[in-house]
Amino acid sequence: ELINNGEFTWKTPSNIALVKYWGKRDPQLPENASISFTLDACFTLTTLEYKSKERNSKLVSESHPSDFSFEVYFEGEKKDSFKPKIKTFFERVEKYVPFLKEFDLVIKSRNSFPHSSGIASSASGMSALALCVMSIEKQLNPEMTEEYFNRKASFLARLGSGSACRSVEGELIVWGNHKEINGSSDLFGVKFPFQVHKNFKNYHDTILLVDEGEKQVSSTVGHKLMYGHPFAKQRFKQANDNISKISEVLQNGDLKEFIAIVESEALSLHAMMMTSNPYFILMKPNTLKIINKIWAFRAETNSNICFTLDAGANVHILFPEAEKEQVNNFITRELIQYCQENHYICDRVGTGAQLM
Ligand code: PMV
């Protein structure tokens, strides 16, 4: 008698970590706290269509009554290759959203950024799916508060991809239990609970696409490299200490200290990969050329430009709104030459997911 069919569409952002999550334990719980800027221009748009199985052909629903029934379309085309990952997600969240199995589902998704750009789409993709699922739950339970909705969406997204739990709300999200961050949890992301200094309002992130293409190390493999890693314990402590430091910086507006923490975090993430077994170098020569150019520019101009990296060769360039003209000139004049086919994306801090 409840809602038999319908559809929901969510637009959900990607995010860029300032203090990195790298290393987890079951079930998808982080070894240290992390914090990220929610982005704006890099997003996933996902529609979830749902239709009660009873109302459909009996053949379909009775043949596998206990299976998830879903189809996946990506950028207009049927994508069976995405199904295993989504099936794993459904299996992990099943006990929290048992109603899912009662529906035939169709997922239609697209990204604002090129699929093979080397930009991780798992954060925005998994948070979009989690939010669509929560929209169905809200039909069944209209009383739920917005806080419950967002929290459970983040909780479900986490089970799809850890960093996806930081792609529900904006503008700064902390994931992982940390003694100095009120309300923080390993189970879901929370908004940074303190007043953020105006220096960080509208912060920019220009993403230089140094290496478009499949990631050399998937994050599933990557996180596993932290099991038994000789520096694991120190790394998790360093990250938690950096959360304390950056929390203060975000409140007092100290841009120089922000740069020191953020760049050190990026290089520490890569240092973990270079010192794991097996080991990887995920930077490319152009990644290093860009980093050196940024350092030279900072030495010459007193700019507050800095870089961060994900588990790949692309460079995220972070800078304050007040410096956008100066930095944009620098980027187009000196850095674009290191991008594959001159590809780059101008992004900035965003406010979180939107129901369309
Ligand atoms: O969410 P995952 O499992 O794809 O891990 C992402 C890890 C990094 O992007 C490298 C760091 C982070 O905190 O986002």
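Biologist: How many Å separate the centres of domain 1 and domain 2?

Modeller: 25 Å, with the centres taken over C-alpha atoms. Domain 1 is 5-195 and domain 2 is 202-348, and those bounds come from an automatic or database domain assignment. Keep in mind that this is a predicted model, where local features need pLDDT of at least 70, side-chain atom pairs count only at pLDDT 80 or more, and totals for chains, interfaces and linings use all residues. Residues are numbered from 1 along each chain as its sequence is written.

Biologist: What makes residues of domain 1 count as in contact with domain 2?

Modeller: Two residues are in contact if their C-beta atoms, placed from the backbone, lie within 7 Å. Here 31 residues of domain 1 are in contact with 36 residues of domain 2. On the domain 1 side, β1 and β4 are the elements that give two or more residues, and β4 gives the most, with 7. That side divides into 18 nonpolar, 8 polar and 5 charged residues. Nonpolar covers Ala, Val, Leu, Ile, Met, Phe, Trp, Tyr, Cys and Pro, charged covers Asp, Glu, Lys and Arg, and the others, Gly among them, are polar.

Biologist: How do you know that β4 and β8 pair?

Modeller: Strands pair if DSSP finds at least two bridges between them. β4 (residues 34-52) and β8 have 4 bridges, in the antiparallel sense, so they pass the test. One of the partners is Leu172 in β8, bridged to Phe37. β8 also pairs with β9 (residues 189-191) in the antiparallel sense, over 3 bridges, and Trp175 stands opposite Gly189 there.

Biologist: Which way do the residues of β8 point?

Modeller: Leu172 and Val174 go one way, Ile173 and Trp175 the other, and all are buried. Buried takes 20 or more other C-beta atoms within 10 Å of a residue's own, with C-beta atoms placed from the backbone. In a regular strand, side chains alternate between the two faces of the sheet.

Conventions. A residue is buried if 20 or more other C-beta atoms lie within 10 Å of its own, exposed if 12 or fewer, and partly exposed in between; C-beta atoms are placed from the backbone.
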